[in-house]
Amino acid sequence: MASAQSIKKVDILINGRSYTINCPESEEPALQRAASYINQFMQDVRRQAPQLPQEELLVLCALTLFEKSENLQRYQENESQAQDLVGKMLEDVTRFA
């Protein structure tokens, strides 16, 4: 766990609202990247559905980001399975060559 001296208050801006987040100093660049990504993502969704109330916008963004995360995880699992299959095929080719 990080010590109290290494925790830093960081201001981030998401959808026009400022938030102060406590985070370890070493994680500030990742926090800023995440905030920038989420801010841009929310602005893109807002342009597509300007009538959505703030709460519904947040829910829609959270669900969409979760879906993207799941798709990425499935892709990585499929990629790993494909690599395993290619490795086995290469072993078979080498064994029978």
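Conventions. I number residues from 1 along each chain as its sequence is written, and side-chain values use heavy atoms, with hydrogens and water left out. Because the model is predicted, local features need pLDDT of at least 70 and side-chain atom pairs count only at pLDDT 80 or more, while totals for chains, interfaces and linings use all residues.

Aromatic pair. I looked for paired rings of Phe, Tyr and Trp (its six-membered ring), with centres within 6.5 Å and planes under 30 degrees apart as stacked, over 60 as edge-to-face and the rest as tilted, and I found one pair. The ring centres of Y37 and F41 lie 6.3 Å apart and their planes meet at 15°, so I noted the pair as stacked. Both residues sit in helix 1 (residues 28-48), four residues apart, or about one helical turn; helices are DSSP runs of H or I, at least four residues, and strands are runs of E, at least two, numbered from the N terminus.

Accessibility. I took buried as under 20% relative accessible area, exposed as over 50% and partly exposed as in between, with a 1.4 Å probe and protein chains only. Y37 is partly exposed at 44%, whereas F41 is buried at 10%.

Core. F41 also belongs to the largest nonpolar core, which has 11 residues, such a core being a set of buried Ala, Val, Leu, Ile, Met, Phe, Trp, Tyr and Cys residues joined through side-chain atoms within 4.5 Å. Helix 1 gives the largest share of this core, five residues.

Strand 1. L13, in strand 1 (residues 7-14), is partly exposed at 48%.
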